[in-house]
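Subject: Structure for you to look at

Hi,

Here is the structure I promised to pass on. Please open it alongside this message and have a look around.

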Amino acid sequence: TMLNAGVSWQSHGSAMSEGGLWSEAGRRLRTNRAAVVAGGVLVLLVLASLLAPLASRHAIDQVDWTLSPLASPPSLANGHWFGTDSNGRDLFVRVWSGTQVSLLVAVLATLVSLAIGVAWGATAGYLGGRVDDWMMRFVDVLYALPYMFFVIILTVVFGRSLWLIFLAIGAVGWLTMARIVRGQALALRQREFVAAAITLGLPAHRIIARHIVPNVLGTVVVYATLTVPQVILFESFLSFLGLGVQEPLTSLGRLVAEGALEMETAPWQLLVPSAVLALLLLCLNFLGDGLRDALDPR
């Protein structure tokens, strides 16, 4: 009874301290002006990517034959605010649709990598011993493989659909997260509340799910915000090579690749998607830095 009461008190104290940590982190994040501004701009970019294609009278693959199927500069008179591409398609719709696709791929690939990395790292760190050695040697072997080459092989073998792209990126992007979580789990398994859970006879999977994983969420959140821009850049590079999303869909990387071919005759095709991509990455990095500082226990 005393042990149960002690565990109950310990759990209550942990919940209170965890709640205090998150509230304190939120307060510190709100005092970081760069992170707050970046978060606000990021929300505006997400809303624009969702609403702008719906509000425009042009479709993503619609050719404006009244102008001719050639690149037209930005103009408010003809309704093409960002101009048109070399095929006469509205660049305003294509840029915001591409932003939507880039964000979707980045978020889903990040979730896949976090799910695998957190589960793998927490299991290896908690179990330790020979299981930890085998699991982390597998991670080391994958680290030795060229990251880009591995993703290209997956996209070539299994196709270049949107879903396979984020699965391919996420399937090889979990290695760093696994190492980070494993290090946290090694320290957490020495804590008193984990020892109390072991004494009560809780199975390993419940201890990992209820005591290890919740205590590494701060690190996971910070890493996720820093992983999203990396995935966007990586997807942009794949699209630049022609291995990313395929027509009629587009992404910011694909638009930048198309604009680079016409940068001398139609510079807006390169400048507009590049500016949106740079602003998106800048906001994500500022927000990630702000979360890292806010969740720093020191």
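Below are my notes on the fold, the surface, the aromatic pairs and the salt bridges.

First, some housekeeping. This is a predicted model, so local features need pLDDT of at least 70 and side-chain atom pairs count only at pLDDT 80 or more, while totals for chains, interfaces and linings use all residues. Residues are numbered from 1 along each chain as its sequence is written, and side-chain values use heavy atoms, with hydrogens and water left out.

On the fold: the protein chain has 12 helices and 0 strands. Helices here are DSSP runs of H or I with at least four residues, strands are runs of E with at least two, and both are numbered from the N terminus. Of the 298 residues in the protein chain, 43% are buried (buried is under 20% relative accessible area, exposed is over 50%, and partly exposed lies in between, with a 1.4 Å probe and protein chains only). Among contacts in the protein chain with a separation of 6 or more, 71% are between residues 24 or more positions apart; a contact means heavy atoms within 4.5 Å.

Areas come from the Shrake-Rupley method with a 1.4 Å probe, and for residues only the protein chains shown count as cover. Val43, Leu44, Val46, Leu47, Leu50, Leu51 and Leu54 form a nonpolar surface patch with about 670 Å² of accessible area together. Patch members have over 30% relative accessible area and no salt bridge; nonpolar side chains (Val, Leu, Ile, Met, Phe, Trp, Tyr) are joined within 5 Å, like charges within 9 Å.

Rings of Phe, Tyr and Trp (its six-membered ring) pair if their centres lie within 6.5 Å, with planes under 30 degrees apart called stacked, over 60 edge-to-face and the rest tilted. Phe92 and Trp96 form an edge-to-face pair, 6.5 Å centre to centre with 75° between the planes. They are about one helical turn apart because they sit 4 residues from each other in helix α3 (residues 91-127), and both Phe92 and Trp96 are buried. Trp120 and Phe138 make a tilted pair at 5.6 Å and 35°. This pair links distant parts of the chain, with Trp120 in helix α3 and Phe138 in helix α4 (residues 129-144), 18 residues apart. Ring pairs also join Trp120, Phe138 and Trp174 into a cluster.

On the charges: I have 5 salt bridges for the whole structure, each being a side-chain nitrogen of Lys or Arg within 4 Å of a carboxyl oxygen of Asp or Glu. Where does Glu258 reach? Its partner is Arg94, with the closest N and O atoms 4.0 Å apart. Glu258 lies in helix α11 (residues 252-261) and Arg94 in helix α3, so the bridge ties together parts 164 residues apart in sequence. Arg94 is buried at 0% relative accessibility, whereas Glu258 is partly exposed at 21%. Glu258 also meets Arg254 in a salt bridge of 3.5 Å, N to O. Shared partners join Arg94, Arg254 and Glu258 into one network.
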